[in-house]
Amino acid sequence: MANNLIAAPSPHVQSPRPVRSIMRDVLVALLPALLVSTWIFGWRVLAVTALSVVCCVGFEYLIRRFIVRGPSTVGDLSAVVTGVLLAFNLPVTIPWWIVAIGAFVAIAVAKMTFGGLGRNPFNPALVGRVFLLFAYPVQMTSFATDAFSGATPLAAMKYSPLFAGADLGALFVGDVAGSMGEVAAAALLVGFVYLLWRRVITWHVPVTIFATMFLFALCVALGRGWSGAALWEFPLFHLLAGGAMLGAVYMATDYTTSPMTRCGGIVYAVGIGALTMCIRLWGDYPEGMSFAILIMNAVTPLIDKYVRPRRFGVHKKKVEILP
């Protein structure tokens with residue numbers, strides 16, 4: 001008798017939508033941010049993004065063809081999404097060979113080493129980004145272009161003794177220095193709405209991250225005795241600056257590396273928001289979203305183990321205390 005039991009990696013939620021359709025929706029959601037970034041930084045944005053995508057797709061194809069010796073998986077578009085997200089985490093002035101190294105780490109190390117899509121414990125694009133940040137810190141933190149010559153808003157706040165307020169309008173539309181995907185908060189929110197409409201993601205993880213960061217920053221501002229406009233500008237600044245929008249919407253919601261339950265997702269999101277603010281305020285790096293997501297990716301198996309839904313048909317037992 002044939003064995004009908006099939007063992008496969010998580011997630012196990014059944015859906016009529018193929019992976020290719022989901023990844024295509026993610027690419028559509030990222031398109032507004034790509035256009036805004038191109039408008040701000042110029043055509044080099046498209047060149048860096050195209051190079052990152054070609055390298056990610058190429059490395060995955062070569063590994064599947066000559067090492068794994070299995071069918072090609074580049075058609076599911078997951079490598080394309082990884083390439084775009086990796087590019088969004090890079091400055092536009094990054095040398096081409098560093099882009100290729102980041103793509104290799106993202107695909108070969110963070111994804112294919114564990115067996116490919118659905119098996120990787122960490123977000124591949126973030127692994128590539130953090131590796132490059134440690135290996136090439138100067139190139140990864142050089143944001144000077146023809147349009148911008150100063151530090152990023154987070155770096156300026158990090159190394160300034162006082163928070164002197166922020167141009168929230170400039171942060172919202174992307175008229176600031178930063179990585180290619182960090183300068184288009186409004187465009188990223190448009191993509192967020194699209195993903196919600198297409199039911200690719202739910203609102204719970206991104207909104208919980210935003211709420212946690214806002215409340216954390218508000219408590220810090222109150223603790224410092226701030227009042228008036230600065231009291232509210234400080235939390236909003238942290239939501240709009242850096243990789244908060246990009247990380248919360250497009251990388252923290254990764255199916256493979258986030259918890260499977262809604263309650264677990266909220267715990268996961270609170271951890272990301274709190275860790276991001278701790279790193280930003282008291283860590284050595286101005287930005288903390290990438291590190292926070294990777295740390296919580298590592299905690300995801302524990303969250304799935306201890307934050308479980310009630311099994312169907314199982315009810316709480318009533319305990320009667322006899323006199």
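Trainee: What share of the 323 residues in the protein chain is buried?
Mentor: Buried residues make up 49% of the 323. Keep in mind that this is a predicted model.

Trainee: Noted. How many helices and strands does the chain have?
Mentor: There are 14 helices and zero strands. Along the sequence the pattern is α-α-α-α-α-α-α-α-α-α-α-α-α-α.

Trainee: And the contacts with a separation of 6 or more? What percentage comes from residues 24 or more positions apart?
Mentor: That figure is 76% for the protein chain.

Trainee: Let's talk charges. How many salt bridges are there?
Mentor: The count comes to three. Start with Asp 25 and Arg 198, whose closest N and O atoms are 3.0 Å apart.

Trainee: Where do those two sit, and why does the pair tie parts of the chain together?
Mentor: Asp 25 is in helix H1, residues 19–41. Arg 198 is in the loop between helix H9 (185–197) and helix H10 (204–223).

Trainee: Is Asp 25 buried or exposed?
Mentor: Asp 25 counts as buried, because its relative accessibility is 3% and the cut-off for buried is under 20%. Arg 198 has a relative accessible area of 34%, so it is partly exposed.

Trainee: What else does Asp 25 touch?
Mentor: Leave out residues up to four places away in sequence. Then Asp 25 touches Arg 17, Tyr 194, Leu 195, Arg 198 and Val 200. Its salt-bridge partner, Arg 198, is on that list.

Trainee: Next bridge. Which residue does Lys 111 pair with?
Mentor: Lys 111 pairs with Glu 60, with 2.8 Å between the closest N and O atoms. This pair also links distant parts of the chain, 51 residues apart. Lys 111 is in the loop between helix H4 (96–109) and helix H5 (124–135), while Glu 60 is in helix H2, residues 44–68.

Trainee: Are Lys 111 and Glu 60 buried or exposed?
Mentor: Both are buried.

Trainee: And the remaining bridge?
Mentor: That one joins the side chains of Arg 280 and Glu 287, at 3.0 Å from N to O. Both of those residues are buried too.

Trainee: OK, at what angle do H5 and helix H14 cross?
Mentor: Roughly 125°, and the axes come within 10 Å. H14 covers residues 289–306. At that angle H5 and H14 are therefore oblique to each other. H5 passes H14 in a left-handed crossing.

Trainee: Which residues of H5 and H14 make the contact?
Mentor: From H5, there are Leu 126, Val 127, Arg 129, Val 130, Leu 133 and Phe 134. H14 brings Ser 290, Phe 291, Ile 293 and Leu 294. By class, that contact has eight nonpolar residues, one polar and one charged.

Trainee: Now H10 and helix H13. How do their axes cross?
Mentor: They cross at roughly 40° and come within 8 Å. H13 runs over residues 262–282. H10 and H13 are therefore oblique to each other as well. The crossing of H10 past H13 is right-handed. By class, the contact has 16 nonpolar, six polar and two charged residues.

Trainee: How many residues of helix H12 are buried?
Mentor: Eight of its eight, over residues 244–251. Those are Ala 244, Met 245, Leu 246, Gly 247, Ala 248, Val 249, Tyr 250 and Met 251.

Trainee: Last one. Where is Gly 178 found?
Mentor: In the loop between helix H8 (168–173) and H9. Gly 178 counts as buried, at 5% relative accessibility.

Trainee: Which residues is Gly 178 in contact with?
Mentor: Leaving aside neighbours within four places in sequence, Gly 178 contacts Phe 41, Phe 143, Thr 152 and Val 183.

Conventions. Residues numbered from 1 in each chain as written. Predicted model: local features only at pLDDT ≥ 70, side-chain atom pairs only at ≥ 80, totals over all residues. Heavy atoms only, no water. Salt bridge = Lys/Arg side-chain N within 4 Å of Asp/Glu carboxyl O. Helix = DSSP H or I, 4+ residues; strand = E, 2+ residues; numbered from the N terminus. Buried < 20%, exposed > 50% of the residue type's maximum accessible area, 1.4 Å probe, protein only. Axes fitted to C-alpha atoms, helices over the stretch in contact; angles between N-to-C directions. Parallel < 35°, antiparallel > 145°, perpendicular 65-115°, else oblique. Left-handed = near helix turned anticlockwise from the far one by under 90°. Contact = heavy atoms within 4.5 Å. Nonpolar A, V, L, I, M, F, W, Y, C, P; charged D, E, K, R; others polar.
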